[in-house]
Amino acid sequence: MKPWQLDHIIDDGLLGNRQQVGIDDLRVLREQFVDFMLGYKFAIDEVTTKINILREDFNNAHEYNPIEHVGSRLKSPESVLEKVRRKNYAMNLAAIRENVLDIAGVRVVCSFISDIGTIRDMLAGQEDITVLEERDYISNRKPNGYRSLHLIVSIPVFRSDRTQPIPVEIQIRTIAMDFWASLEHKIYYKYQGEVPPNLRSDLAQAAEVATQLDEKMEALHRQVDRSARPKKSAADSLDLSMLYNSLIADQPVRLRPGDLPI
């Protein structure tokens, strides 16, 4: 986590009414906030680990992997506190914990629209993940054309001295959705939100093209009859004797003194 300054925020109300704050007070505040933010960083680690396990499991056990890539972001302390001030929440950790649910973010990008539901169900079905909120911007896309599935989930984070439930925002979208959203973000950042009408119109048209592309790719995907392919049988009852013999063929087992043969 990068160093940051609390001075301007403290003057505006973190300690209330522009109190005189000493160096020690600043240090304590900074340490407490860094510890607070660390919990969200650990929550990102927990969620991305789960997704990467699913991704590797698909690579090993299935012919097709719906997870193209995974990204994450942790809001900066300045961004968190600026949002608290903009939303007029109380300037304390309890209020932030209760009201700011997008501090930790994970994005999962997949190939097809149907993959989004698959990934959503796999994550929501894990015992230690609780879905707090779900916003479907695919069936009900935003007026500007934005499409994605947003989940706010809670996941336990095990610290050295406590266990904390931490909220994480998970965005699940297709490659086309992600490409459009990335371009839209760059344009709005460049124009600081004041995007010229012609560019807004072009973005809306691009969103429609991206939607049509997703629908066409989904139709092509459905034409592939994956269900007709033979499924792998259960492996629990396989006799591993042949595997064992092949492994030791070139490297005989040597017993150490005192070892007993099984």
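This is a predicted model: local features need pLDDT of at least 70, side-chain atom pairs count only at pLDDT 80 or more; totals for chains, interfaces and linings use all residues.

## Surroundings of Ile 172

Beyond its neighbours within four places in sequence, Ile 172 is in contact with Val 108, Cys 110, Ile 116, Ile 119, Arg 120, Ser 148, Leu 149 and Leu 151.

## Nonpolar cores

Ile 172 belongs to the largest nonpolar core, which has 35 residues. Ile 172 is listed with Ile 96, Ile 103, Val 108, Val 168 and Ile 170 as the residues with the most contacts inside this core. At least two core residues come from each of helix H2 (23-61), helix H3 (77-86), strand S2 (104-110), helix H5 (113-124), strand S4 (149-158) and strand S5 (163-174). The most is given by H2, with nine residues.

Another core, of eight residues, lies apart from the largest one; among its members are Tyr 137, Tyr 146, Trp 180 and Ile 187. In general, nonpolar side chains of soluble globular proteins tend to be buried together.

## The largest pocket

The largest pocket has a volume of about 720 Å³. It is lined by 27 residues, of which Arg 107, Tyr 146, Gln 171, Arg 173 and His 185 are the closest to its centre. Strand S1 (67-74), S2, S5 and helix H6 (175-190) are the elements that give two or more residues to this lining.

By class, the pocket lining comprises seven nonpolar, 11 polar and nine charged residues.

Two cavities of 30 Å³ or more are present in the structure. The largest cavity holds about 40 Å³ of space, and its lining consists of Gly 145, Tyr 146, Arg 147, Met 177, Trp 180, Ala 181, Ala 207 and Ala 210. H6 and helix H7 (197-223) are the elements that give two or more residues to this lining, and H6 gives the most, with three residues. The lining of the largest cavity has six nonpolar residues, one polar and one charged.

The second largest cavity has a volume of about 40 Å³. It is lined by Asp 35, Phe 36, Gly 39, Tyr 40, Arg 97, Arg 159, Gln 164 and Ile 166. H2 and S5 each supply at least two of the lining residues, and the largest share, four residues, comes from H2. Here the classes are three nonpolar, two polar and three charged.

How values were computed
Residues are numbered from 1 along each chain as its sequence is written. Side-chain values use heavy atoms; hydrogens and water are left out. A nonpolar core is a set of buried Ala, Val, Leu, Ile, Met, Phe, Trp, Tyr and Cys residues joined through side-chain atoms within 4.5 Å. Buried means under 20% relative accessible area, exposed over 50%, partly exposed in between (1.4 Å probe, protein chains only). Contact means heavy atoms within 4.5 Å. On a 1 Å grid over the protein atoms alone, a cavity is a set of points where a 1.4 Å probe fits but cannot get out, and a pocket is an open set with protein on both sides within 12 Å along at least five of seven lines; lining residues have an atom within 4 Å of a point. Grid points are joined across faces, edges and corners, and a volume is the space filled by probe spheres set on the points. Ala, Val, Leu, Ile, Met, Phe, Trp, Tyr, Cys and Pro count as nonpolar, Asp, Glu, Lys and Arg as charged, and the others, Gly among them, as polar.
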